[in-house]
2 protein chains.
Amino acid sequence: MDTPAADGPPQQLVSDVFARACTSREAFEGVTSRWSSLVLLALAEGPHRFGELRRRVEGVSERMLAQSLRGLERDGLLLRADAGTIPPRVDYSLTPLGDRVATSLRVLADTLEAAVPSIDGSRLDFDSRPR
Amino acid sequence: MDTPAADGPPQQLVSDVFARACTSREAFEGVTSRWSSLVLLALAEGPHRFGELRRRVEGVSERMLAQSLRGLERDGLLLRADAGTIPPRVDYSLTPLGDRVATSLRVLADTLEAAVPSIDGSRLDFDSRPR
DNA sequence: GAGGGTACTAACTATTAGTTAGCGCTTCCT
DNA sequence: AGGAAGCGCTAACTAATAGTTAGTACCCTC
């Protein structure tokens, strides 16, 4: 942060995902990690309880789900609302930042879903090639 | 693919990232995996050679870079052009699909880069909270 | 002629993800 | 009334995956 007398456009991005120690890279890795991205996608459809997420995100274990939720909560992408009742009830919902992130992930997922035939073809071709 | 006589909008998405065995989920995981996403981001800035990518993507090992490149090539997201010369020269560039994917990742990265102060604050707050 | 760059790969180890079991409590089914 | 299932986790253990080190065969610069 050494911009002594910068009078250019309001804000300049000083953070860089390519930089190993940058918060944005850590957050990027957190967001794109296997289960977190799917959790965000699920929450983009509306608030969910723990068990609902577990069922929605096919194949996630309770351990990984809990871990992903903690990470996303820590980065301020989602809100955890513990009703404090018995039996327990905890609701998860996206913050505005989480919603923006989830929106980009949705675009990505849509692109990939639409490209499935192309991808399948490419894989077949690649795998049939020698070496 | 069981849409016997659908006459609605041209194409309907039948693939679902939430489904464990779906190609789109596999591709999604491939694309969002730790190094692949960074490689795509780097290639979005233009074609790169192996060594250039290695230097651009801070912290990647040659093994992981090679592995990521194979995966992305297999899914048809990038093109590998081996000059066949000695010393070796291999150029990597994005396909149209890879470019679309990289664009979404760029949006995601921009969002996160801009949110760094917010994320740092959230982390500090989260970590200072008891338990 | 020593050192570094080219694009990798094989073998080994550290880290991380996944599995299993359990917690105290409630509600449903019989 | 007894048993099973669901709730939201967590600890301990194991399987998978990521990262590290070293090596390849050749070239160019100092």
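User: What are the ground rules for numbering and confidence?
Analyst: Residues are numbered from 1 along each chain as its sequence is written, and chains are lettered from A and ligands numbered from 1 in the order in which they are written. This is a predicted model, where local features need pLDDT of at least 70, side-chain atom pairs count only at pLDDT 80 or more, and totals for chains, interfaces and linings use all residues; side-chain values use heavy atoms, with hydrogens and water left out.

User: Why is the pair B:R74 and A:D127 called a salt bridge?
Analyst: A salt bridge is a side-chain nitrogen of Lys or Arg within 4 Å of a carboxyl oxygen of Asp or Glu. The closest N and O atoms of B:R74 and A:D127 are 2.4 Å apart. The pair therefore qualifies as a salt bridge. It crosses between chains, from helix α4 of chain B to helix α6 of chain A. Helices here are DSSP runs (H or I, at least four residues), as are strands (E, at least two), numbered from the N terminus.

User: Why is B:R74 called partly exposed?
Analyst: Buried means under 20% relative accessible area, exposed over 50%, and partly exposed in between (1.4 Å probe, protein chains only). B:R74 has 26%, so partly exposed is the label. A:D127, at 48%, is partly exposed as well. Salt bridges that share partners also join A:R70, A:E73, B:D125 and B:R129 into one network.

User: How do you know that A:R56 and A:E45 form a salt bridge?
Analyst: Their side chains meet at 3.1 Å, N to O. That falls within the cut-off, so the label holds. A:R56 sits in helix α3 of chain A, and A:E45 in the loop between α2 and β1 (48–49), 11 residues apart. A:R56 is partly exposed at 29% relative accessibility. A:E45 is partly exposed at 48%.

User: How many salt bridges are there between chain A and chain B?
Analyst: There are 12 between chain A and chain B. Over all chains, the structure holds 30.

User: What makes up the contact between chain A and chain B?
Analyst: Contact means heavy atoms within 4.5 Å. Chain A gives 56 residues, and chain B gives 56 residues. The area buried between them is about 5200 Å², with carbon and sulfur atoms giving 63%. Buried area is the accessible area (1.4 Å probe) that two parts lose on being put together, summed over both. In chain A, A:F18, A:R74 and A:R123 lose the most area to chain B, together 16% of what that side buries.

User: Which protein atoms lie by the phosphates of DNA strand D?
Analyst: Among them, a side-chain N or O atom of A:R49 is 2.9 Å from a phosphate oxygen. A polar side-chain atom of A:R70 lies 3.3 Å from a phosphate oxygen.

Definitions and conventions
A polar contact is a pair of N or O atoms within 3.5 Å; within protein, one must be able to donate a hydrogen and the other to accept it, and residues adjacent in sequence count only if both atoms are side-chain atoms.
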